[in-house]
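Colleague: Can you walk me through this model? Keep it quick.

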Amino acid sequence: MTRAEFEILVAKFEAEAAANPQGYKQRVLKMVALGYGYVLAMLLLLLALMAFAVWITLRSQSAAILKIDIALLVLIFIVARSLWVRLEAPKGVEVTRAQAPRLFEAVDEIRRRLDAPQPNHVLITDDFNAAAAQIPRLGLFGWPKQYLILGLPYLLSNSPEHVRSVIAHEFGHLSRNHGKFGSWIYRTRRTWANLQNSMEQNEGHGAWLFNAFLNWYAPRFSAYTFVLARADEYVADRCAADATSTHITADALTRTHVVGAYFEEKVWPQILETVKDNAEPPADAFHRVAQL
């Protein structure tokens with residue numbers, strides 16, 4: 001799907017959602033059902049073929065049929081393996097409650113207020129960013145592990161209140177108190193996108209059985225659910241404003257873009273210039289980041 005085609009679909013669904021919210025919601029649910037239904041139908045079809053082949057084998061005791069059984073078993077294993085694609089966990093330096101008690105106190109207070117899940121891991125990275133991520137242990141079928149990801153440059157250039165606002169925004173996406181249907185769709189969108197990317201990288205492991213469907217389904221599902229996804233962003237902003245203030249939230253959003261651009265265009269290049277004359281990267285890189 002081209003970007004122009006995607007935007008036409010989004011405009012169509014925005015108009016539909018405004019004119020008939022309940023009808024739009026039902027269409028979204030049908031798209032969700034189509035995605036899961038395709039996957040389950042593939043597995044059931046293979047299992048049915050396997051059962052039929054076993055029945056024929058027991059009746060005929062033919063070596064040729066036995067070979068078909070083995071081939072089907074291998075195919076079923078490949079399909080199941082492709083569905084349980086291991087999605088890459090975020091990378092970073094993990095910090096503990098003992099190392100950063102004030103950070104964890106803030107996280108606990110925010111997630112309790114929003115009824116958001118407890119993060120399993122809190123990671124510090126070298127990005128100018130902050131995010132909450134859910135990595136499903138069972139691929140498409142969920143059981144997510146929660147990550148809170150905080151970039152050290154981001155922490156160095158923002159006040160604690162700005163950081164609280166951004167954490168509240170990210171937890172707002174995972175909150176069970178705000179827009180349950182929209183939050184569920186938001187997570188489902190990310191799961192399908194992650195699954196598509198993982199299968200494209202693992203074509204040699206049976207992913208080809210699903211790539212054609214995913215290449216058709218994923219952009220259309222994204223277009224169908226765009227309205228809900230944007231509404232979920234508004235909800236997350238509202239959570240951030242409730243946890244701090246509208247002024248701090250607006251300031252944090254602005255700083256993310258303005259200071260983030262400065263960091264990428266000016267700060268890192270200035271530090272990387274030093275490697276031209278030194279065999280080792282500067283040991284005080286983040287001290288320099290803090291000063292800049």
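Modeller: One convention first: helices (H or I, at least four residues) and strands (E, at least two) are DSSP runs, numbered from the N terminus. Residues are numbered from 1 along each chain as its sequence is written, and side-chain values use heavy atoms, with hydrogens and water left out. The model is predicted: local features need pLDDT of at least 70 and side-chain atom pairs count only at pLDDT 80 or more, while totals for chains, interfaces and linings use all residues.

Colleague: How many helices and strands does the protein have?

Modeller: Eleven helices and four strands.

Colleague: And what share of the residues is buried?

Modeller: 43% of the 292 residues count as buried. Buried means under 20% relative accessible area, exposed over 50%, and partly exposed in between (1.4 Å probe, protein chains only).

Colleague: What is the accessible surface of the protein?

Modeller: About 16400 Å², with 60% of it belonging to carbon and sulfur atoms. The areas come from the Shrake-Rupley method with a 1.4 Å probe; for residues, only the protein chains shown count as cover.

Colleague: On to the sheet. What is the strand order?

Modeller: E1-E2-E4-E3, in an open sheet of four strands with mixed pairing. Strand E1 (93-94) and strand E3 (130-136) are the edges, each pairing on one side only. Two strands pair if DSSP finds at least two bridges between them.

Colleague: How many bridges join E1 to E2?

Modeller: Two, and E1 and strand E2 (residues 121-125) run antiparallel. Val93 stands opposite Ile124 in E2.

Colleague: What packs on the sheet?

Modeller: Helix H6 (residues 160-174), which touches E3 and strand E4 (144-151). The direction of H6 makes about 25 degrees with that of E3. Contact means heavy atoms within 4.5 Å. Axes are lines fitted to C-alpha atoms, for helices over the stretch in contact, and angles run from 0 to 180 degrees between N-to-C directions.

Colleague: In which sense do E3 and E4 pair?

Modeller: Antiparallel, over seven bridges. Ala130 has Leu150 in E4 as its bridge partner. E3 is also mostly covered, with six of its seven residues buried.

Colleague: Aromatics next. How many pairs does the structure hold?

Modeller: Ten aromatic pairs. Rings of Phe, Tyr and Trp (its six-membered ring) pair if their centres lie within 6.5 Å; planes under 30 degrees apart count as stacked, over 60 as edge-to-face and the rest as tilted. One of the pairs is Tyr38 and Phe213, stacked at 3.9 Å centre to centre with 10 degrees between the planes.

Colleague: Which parts does that pair of Tyr38 and Phe213 tie together?

Modeller: Tyr38 lies in helix H2 (residues 21-60) and Phe213 in helix H8 (residues 208-224), so the pair ties together parts 175 residues apart in sequence. Tyr38 is partly exposed, with a relative accessible area of 24%. Phe213 is buried, at 12%.

Colleague: What about Phe128 and Tyr154?

Modeller: That pair is edge-to-face: 5.2 Å centre to centre, 70 degrees between the planes. Phe128 sits in the loop between E2 and E3, and Tyr154 in helix H5 (residues 152-156), 26 residues apart. Both Phe128 and Tyr154 are buried.

Colleague: Which residues form the aromatic cluster with Tyr38?

Modeller: Phe213, Trp216, Tyr217 and Phe221, together with Tyr38.

Colleague: Switching to helix packing. At what angle do H1 and H2 cross?

Modeller: Roughly 130 degrees, with the axes of helix H1 (residues 3-19) and H2 coming within 5 Å. That makes H1 oblique to H2. Angles under 35 degrees count as roughly parallel, over 145 as roughly antiparallel, 65 to 115 as roughly perpendicular and the rest as oblique. Phe13, Glu16, Ala17, Ala18 and Ala19 of H1 meet Pro21, Gly23, Tyr24 and Arg27 of H2.

Colleague: Last one: is Thr274 buried or exposed?

Modeller: Buried, with a relative accessible area of 17%. Thr274 lies in the loop between helix H10 (246-272) and helix H11 (285-291). Leaving aside neighbours within four places in sequence, Thr274 is in contact with Pro282 and Arg288.
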